[in-house]
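Please look over the sequence and the structure below. A short report follows.

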Amino acid sequence: MTYLDLDHDRCEGHGLCEQVAPEVYRLDDEGALELLVTEVPPELLAKAEAGARTCPVAALRVHG
């Protein structure tokens with residue numbers, strides 16, 4: 001299984017990940033990032049990886 005991790009201390013709420021993969025990432029009303037999945041299904045893997053790559057502060061990590 002592939003997993004997605006978020007470093008909350010590092011995240012600055014830019015929202016680029018949400019723009020690339022709204023099925024995986026979502027900014028709440030206060031600008032805090034929420035992961036809609038932590039275990040990434042195969043059909044969302046490419047989107048999860050693309051969203052993680054767009055993070056300007058490297059707060060997201062796809063592994064497993």
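Which residue of strand 4 is the bridge partner of Tyr3? The partner is Glu39. Keep in mind that this is a predicted model.

## The sheet

Tyr3 and Glu39 are bridge partners, and they bring us to the pairing of two strands. Strand 1 covers residues 2–6. Strand 1 and strand 4 run antiparallel, joined by two bridges.

Three strands form an open sheet in the order 4-1-5, and the pairing is antiparallel. Strand 4 (39–40) and strand 5 (60–63) are the edge strands, each pairing on one side only.

## The helix on the sheet

Helix 2 spans residues 45–54 and packs on this sheet. Helix 2 touches strand 1, strand 4 and strand 5. The direction of helix 2 makes about 145° with that of strand 5.

Which residues of helix 2 are buried? They are Ala48, Ala50, Gly51 and Ala52. These buried residues pack against two of the sheet's strands, strand 4 and strand 5. They also pack against helix 1 (16–20) and strand 2 (25–27).

## A residue in the loop

A loop lies between helix 2 and strand 5, and Ala58 is found there. Ala58 is not a glycine, yet its phi is positive, at about 50°.

Is Ala58 buried or partly exposed? The relative accessible area of Ala58 is 48%, so Ala58 counts as partly exposed. The cut-offs explain the label: buried means under 20%, and exposed means over 50%.

Terms used:
Residues numbered from 1 in each chain as written. Predicted model: local features only at pLDDT ≥ 70, side-chain atom pairs only at ≥ 80, totals over all residues. Heavy atoms only, no water. Pairing = 2+ DSSP bridges. Helix = DSSP H or I, 4+ residues; strand = E, 2+ residues; numbered from the N terminus. Contact = heavy atoms within 4.5 Å. Axes fitted to C-alpha atoms, helices over the stretch in contact; angles between N-to-C directions. Buried < 20%, exposed > 50% of the residue type's maximum accessible area, 1.4 Å probe, protein only.
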